[in-house]
Amino acid sequence: MAEHRTMQRSALLDAARALLSEGGTDALTFPALAQRTGLARSSVYEYFRSRGAVVEELCAVDFPLWAAEVEAAMAEAESPESKIEAYVRQQLALVGDRRHRAVVAISAGELDAGAREKIRAAHGGLVAMVVEALAELGHDQPRLAAMLLQGVVDAAVRRTELGAAESPEEITEAAVSMALSGVRR
C-alpha cells in the first residue's frame, strides 16, 4: 500500500511539473492534477493540502538535483573564472529540462510565505556555491557579487523562457560574457 501511495505521489509531482512548465503557476490546479493523473480531486487533497504544499515538495525534490548538477559542473572547472563560467552555463543549460522549467515557473509565481521561504533557501544554497570562487578572485564582498551574478543568470533564464528573439546560445554567451567581465578585478 505504501508503495502505491509513493507511486501516486510521484505521478502527482510529475503532473505538477508538466502543468507548471506548460502554463506556469496558474495552470497548477487540483482539478488539473486530478485530470492528469486520473485520480479523483478528493484524492489529490489526501496527498497535498494546497497548491503551496505541492510547490514546496517540488522544491524539496527538484532544487537539490538541479543544484547538484551545477555543483558537479563547477567541480570539474580548474580556475575561479572557469567555475563561475560553469555556474552560469550549467544553469542556462538546464532551462530545457522540465524540472528546471517548473522551478522557473514556481519562482515567478504567487506563493504562500512558506513556499517562498523554501525557494529563497534553495536559491541561497545555489548562490553559496559561487561565493568561494568569487572570494578566490579577491572580491571584497563575494556574497553581494554572487547575488548580483545570480541576477544575471535569472535574467538570462527569463529571456530564454520567454522565447526571445535571440537564440538560447546567444543569451548564454551574453550572460557568460557579462558575468566574467563583471567578476574580474
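## Start and end of α2

At the start of α2, the backbone nitrogen of A32 lies within 3.1 Å of a side-chain oxygen of T29. Helices here are DSSP runs of H or I with at least four residues, numbered from the N terminus. G38, with a positive phi near 75°, follows α2.

This is a predicted model, in which local features need pLDDT of at least 70, side-chain atom pairs count only at pLDDT 80 or more, and totals for chains, interfaces and linings use all residues. Residues are numbered from 1 along each chain as its sequence is written, and side-chain values use heavy atoms, with hydrogens and water left out.

F30, A32, L33 and A34 of α2 are buried, that is, under 20% relative accessible area with a 1.4 Å probe and protein chains only. The buried residues of α2 pack against α1, α3 and α4. L33 touches residues including L12, L19, V44 and V54, not counting residues up to four places away in sequence; contact denotes heavy atoms within 4.5 Å.

## Salt bridges

The structure holds eight salt bridges, each a side-chain nitrogen of Lys or Arg within 4 Å of a carboxyl oxygen of Asp or Glu. One of them joins E22 and R36, with the closest N and O atoms 2.5 Å apart. Because E22 lies in helix α1 and R36 in helix α2, the pair ties together parts 14 residues apart in sequence.

Note on methods: Buried < 20%, exposed > 50% of the residue type's maximum accessible area, 1.4 Å probe, protein only. Helix = DSSP H or I, 4+ residues; strand = E, 2+ residues; numbered from the N terminus. Polar contact = N/O pair within 3.5 Å; in protein donor to acceptor, adjacent residues only side chain to side chain.
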